[in-house]
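Here is a quick tour for anyone meeting this structure for the first time. Have a look at it, then read on.

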Amino acid sequence: MSELALFIVRAGLLLVLWLFILSIIAIIRADLFSERVLSRVVEKNLPESVSSPTTGLTNVSDFSAAPGSASVVSAMNAVQTTLVVIDGPLQGLELVLDRKEIRIGRAPNSDFVIEDDYVSSQHARIQRNDEGWQIQDLNSTNGTYVDGQRIGAPVNITADMQIRIGKTIFELRG
């Protein structure tokens with residue numbers, strides 16, 4: 001084989017090696033930092049707010065007398081749903097579920113960050129639906145467990161159902 005052909009083969013193999021190394025670095029960086037464009041997620045998760053009434057009524061008893069005000073009164077009397085950590089490194093922590101969707105994971109851009117080796121960067125999400133709240137595993141390595149059962153599809157959750165992600169166990173209250 002001529003020296004020119006040998007040089008071209010060496011240069012080609014070196015180029016392939018560097019492409020392989022750079023792709024591995026990109027994959028590790030994406031897994032560690034989980035940087036994604038979140039504009040649609042942020043827009044979808046803006047908290048819902050009830051605007052202040054223009055009727056001059058200021059307390060709940062005044063609202064209950066007004067016609068068509070049952071929804072306003074029930075919104076004012078509604079108890080906020082919270083996620084309470086009952087076991088694990090974050091025991092005692094309470095997270096108010098004030099958005100349509102809460103992302104749980106190890107990544108710093110998650111809404112509920114769990115620093116645990118058994119938690120994926122984007123591990124699970126809890127979202128509000130018509131029946132209440134549901135949890136969905138986001139194809140995590142170690143899984144999400146509801147009342148001791150590993151879930152594979154979105155599952156509706158109710159108060160006092162235990163949810164385990166990694167070493168952390170929490171439940172819905174309110």
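Take the contacts between residues at least 6 apart in sequence: 39% of them join residues at least 24 apart. Keep in mind that this is a predicted model. The protein has 174 residues, and 29% of them count as buried.

Five of the strands make up an open sheet with mixed pairing, running β4-β3-β5-β6-β9. β4 (112–113) and β9 (155–157) sit at the edges with a single partner strand each, so one side of each has no neighbour in the sheet. For β9, look at its pairing with β6 (residues 132–137), which is antiparallel and spans three bridges. Ile-135 stands opposite Val-155 of β9 there.

Now over to helix α1 (residues 3–33), where you'll find Ile-21. This residue counts as partly exposed because its relative accessibility is 32%. Ile-21 also belongs to a nonpolar patch on the surface, whose members include Leu-14, Trp-18, Phe-20 and Leu-32. Together, the patch residues have about 970 Å² of accessible area.

Next, the charged side chains. The structure holds five salt bridges, including these:

| Salt bridge | N to O distance |
|---|---|
| Asp-98 with Arg-99 | 3.7 Å |
| Asp-111 with Arg-99 | 3.1 Å |
| Glu-101 with Arg-103 | 3.2 Å |

Are Glu-101 and Arg-103 buried or exposed? Both are buried. Asp-98, on the other hand, is partly exposed at 37% relative accessibility, and Arg-99 is partly exposed at 25%. Through shared partners, salt bridges join Asp-98, Arg-99 and Asp-111 into one network.

Finally, how confident is the prediction? The average pLDDT is 79, and 73% of the residues score at least 70. Confidence is highest in strand β10 (residues 162–165), at a mean of 94, and lowest in helix α4 (residues 70–77), at 47. Over residues 69–77, pLDDT stays under 50, and the model has 10 contacts beyond four places in sequence for them. Residues 35–42 also stay under 50, with six such contacts.

Key. Residues are numbered from 1 along each chain as its sequence is written. This is a predicted model: local features need pLDDT of at least 70, side-chain atom pairs count only at pLDDT 80 or more; totals for chains, interfaces and linings use all residues. Side-chain values use heavy atoms; hydrogens and water are left out. Buried means under 20% relative accessible area, exposed over 50%, partly exposed in between (1.4 Å probe, protein chains only). Contact means heavy atoms within 4.5 Å. Two strands pair if DSSP finds at least two bridges between them. Helices (H or I, at least four residues) and strands (E, at least two) are DSSP runs, numbered from the N terminus. pLDDT is the predictor's confidence in each residue, from 0 to 100. Patches are made of residues with over 30% relative accessible area and no salt bridge: like charges are joined within 9 Å, nonpolar side chains (Val, Leu, Ile, Met, Phe, Trp, Tyr) within 5 Å. Accessible areas come from the Shrake-Rupley method with a 1.4 Å probe; for residues, only the protein chains shown count as cover. A salt bridge is a side-chain nitrogen of Lys or Arg within 4 Å of a carboxyl oxygen of Asp or Glu.
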